[in-house]
Amino acid sequence: MKELIVNKASIVNNLNRVKALSGPAAIYAVLKGDAYGMGLLETAELLAQEGITRFAVTEPADIVRLREAGHTQAEILLLRSTSEPDDINLCLDHKAVMTLGSHDTLIALNGLAEQRGCVAEAHLEVDIGMGRYGFLPTEYDQILNTYKYGNNIAITGLYAHFPAAFGRKKKSLARKAVFDALLTRLKNDGIDTGLVHLANSSALFFLDGVQYDAVRIGSALTGRLPKKSRHSGLLPATRVQCSICDTRWLPKGVNIGYASVFKTKRPTKIAILPIGGADGFCVGKVRDTYRLRDAFGYILSDLKGGLTHKKITVTVNGKRATVLGHTGMNHTVIDITDLDCFVGQLADIDLNPVYAGQLPRRYE
């Protein structure tokens, strides 16, 4: 048995922490990635019961799922600037709010809305450092023309996204200043920007003065932020439970796992958990940056982990059990030499729900 357990009370606690920091700002619950692995429809229903009326997704298909599940009056913002006709028509069919992040999207959305004889609702995105969607702040004339010449588009919001609010405060505040300057310029030119939102989870918990009219919160609902915040009070909303499927004794000097990176130093009793990389255990983000300072950061992190003998553990019967060797695709070996446990007993595993997509979910 193995399953992802989602604790509803923890999600509510985390939402209340978000509400406390947001003040009067509206809250968009970001439900991308199947609500960060917690379940799109189940999470949306729980949040709706707590008064959330705005959702944000990245997949047009999720808009359909939410509408068909009964969220007919909720505002749903598509956090993707797209010029694809199928995506646009789906959003128009289900009355979603689109993102305008390029001139091409403006032309495509306005054209299809005109053909259908309707007015499409959209938020305009500004690129303050992500390099994905959005108009650059220097493209002011294009931004201004977007407001003026999209006859079949009602722009009801303006937003941007921080690339690293959790770790680069000075640079993030500088990006906020650029956003503020653009906002002021638009207002001076008589533009009604509508709902202004800038803060994601990290920005809300690590930066000051980022609430504006609304905030967009996703990872904070799971209780997982990139690092600790003085404002936190968040609780992990998920855990994985997996039952021990076998146990055995190994003598001293036996290799464990792929690449034989671990060898027993004493007679060791091991337990096998039928969970591994295919279930998201010991799976993390790829190191995909190549700047010199990032490379040094990776090296220092690895050295620190090695020097402090940082180990991966699971919890069995209230006690920590160390993972031995490399985790396999569907198998993990743990040391239970000093533990009183048995086949069928459950182990609690800390696993980011984003990576646990193959596991069945249970709500408590």
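The chain folds into 11 helices and 19 strands, where helices (H or I, at least four residues) and strands (E, at least two) are DSSP runs numbered from the N terminus. This is a predicted model, in which local features need pLDDT of at least 70 and side-chain atom pairs count only at pLDDT 80 or more, while totals for chains, interfaces and linings use all residues. Residues are numbered from 1 along each chain as its sequence is written, and side-chain values use heavy atoms, with hydrogens and water left out.

Taken along the principal axes, the C-alpha atoms fill a box of roughly 75 × 45 × 35 Å. Of the 364 residues in the chain, 48% are buried; here buried means under 20% relative accessible area, exposed over 50%, and partly exposed in between (1.4 Å probe, protein chains only). The chain exposes about 18,000 Å², with carbon and sulfur atoms supplying 52% of that area (Shrake-Rupley method with a 1.4 Å probe; for residues, only the protein chains shown count as cover). Among contacts (heavy atoms within 4.5 Å) between residues at least 6 apart in sequence, 66% join residues at least 24 apart.

Turning to charge, the chain carries 44 positive and 36 negative side chains, and the centres of the two sets lie 11 Å apart. In this count Lys and Arg are positive and Asp and Glu negative, with His and the chain ends not counted; each charge is placed at NZ of Lys, CZ of Arg, CG of Asp or CD of Glu.

The structure holds 15 salt bridges, each defined as a side-chain nitrogen of Lys or Arg within 4 Å of a carboxyl oxygen of Asp or Glu. One of them pairs Arg54 with Glu75, the closest N and O atoms being 3.2 Å apart. Arg54 belongs to strand β3 (residues 54-57) and Glu75 to strand β4 (residues 75-78), so this pair ties together parts that are 21 residues apart in sequence. Arg54 is partly exposed at a relative accessible area of 24%, whereas Glu75 is buried at 18%.

Another salt bridge joins Asp335 to Arg266, with 3.8 Å between the closest N and O atoms. Since Asp335 sits in strand β17 (residues 332-335) and Arg266 in the loop between β13 (262-263) and β14 (268-273), the pair ties together parts that are 69 residues apart in sequence. Arg266 is partly exposed, at 35% relative accessibility.

In the salt bridge between Arg80 and Asp87, the closest N and O atoms are 3.6 Å apart, and both residues are buried. Finally, a network of salt bridges links Glu3, Arg239, Asp348, Arg362 and Glu364.
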